Amino acid sequence: MTITRLAEMMKAGEPIAMITAYDFPSAEVVEEAGVDVVLVGDSAANCVLGYDTTVPVGMDEMTILAKAVRRGLKTPLLVGDLPFGSYEGSDELAIASAQRLVKEAGCAAVKLEGGGASVERAEAIIRAGIPVMGHVGLTPQTATALGGMKAQGRTAEKAVKVADDALALERAGCFAIVIEAVPEAVAGMIVAKLDTPTIGIGAGNATAGQVLVLHDLAGINHGHLAKFVKRYSDVRGEMLRGVEGYVAEVRSGGFPGPEHVYSVDPSELDGLRRRLDEGDLESNYSWDWEPLP
Ligand code: KIV
């Protein structure tokens, strides 16, 4: 998948399927399922690292996760999320962080959140030769300043701000823009003003594509789910059933069964028994050997 192809898909009205992934086996699954774009999202903070928000995750963690995803992917475009604190401070910091995700992890592009100063950072990264995906509406890294993890752009004034951010990111040269948690009708109006492919999450059907967090859609996590999430499977339930079955069989002696053990030629076993009984070992441990029964 290429950035050019994404623009062609938008023009042809072919919906773009984007998803997050944070490790090698998930990358293999999303590759096989045929997704177009894979984001190593900073949602890894909640989904795989156990943080309460996306704020604490750092560049070292994101780089390790992105490297693992890279090893499992061939076809989709791989986008690495710039975590909170890795780009806001200066253009130099933003470029250095983006370069790490490209050079060390093999990402094709990076994503950053918000308008304002983020637009300048996006422009700087693009000037340095790295494609950037923007992200407007609900931006979890700065959710506290937005009044919490809730829908954005629900008044004309607030919707204008989302539109402004999106248009500024387009002017900066972003190849795609994520629109998160915005009313469908508002997203539709913003999309109509943009030439750039938009990827919606909780933004309805007007965007050129959709993105969901893998752990939400596959049912790997549990707890509160945002209104816009659809669960397509119950991986956690299936894993739990598997692990409970294993624990029960270990305790009952049902595992391992005869099909899970290795065999050995009886004459070799006799030889082993003899040598153990005689203490005939290559190591120079010395203790009193009790013959085996
Ligand atoms: O980190 C993430 O998973 C994201 C997506 C929700 C777009 O930013």
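In the predicted model, helix 6 passes helix 7 in a right-handed crossing, the term denoting that the near helix is turned clockwise from the far one by less than a right angle. The contact (heavy atoms within 4.5 Å) is made by Val119, Ala122, Glu123 and Ile126 of helix 6 and by Ala168, Leu169 and Ala172 of helix 7. Helices are DSSP runs (H or I, at least four residues) numbered from the N terminus.

Helix 11, residues 266–278, comprises 13 residues and reaches 18 Å from its first C-alpha to its last, close to the 18 Å expected at 1.5 Å a residue; the expected span is 1.5 Å times one less than the number of residues. Gly279, with a positive phi near 70°, follows helix 11.

The count of aromatic pairs comes to 1, where rings of Phe, Tyr and Trp (its six-membered ring) pair if their centres lie within 6.5 Å. The ring centres of Tyr246 and Phe255 are 5.9 Å apart and the planes lie at 65°, so the pair is edge-to-face (planes over 60 degrees apart). Tyr246 is partly exposed, with a relative accessible area of 48%, and Phe255 is likewise partly exposed, at 33% (between 20% and 50%, 1.4 Å probe, protein chains only).

Residues are numbered from 1 along each chain as its sequence is written, and side-chain values use heavy atoms, without hydrogens and water. As the model is predicted, local features need pLDDT of at least 70 and side-chain atom pairs count only at pLDDT 80 or more, while totals for chains, interfaces and linings use all residues.

Notes: Phe/Tyr/Trp six-rings, centres within 6.5 Å; stacked < 30°, edge-to-face > 60°. Helix = DSSP H or I, 4+ residues; strand = E, 2+ residues; numbered from the N terminus.
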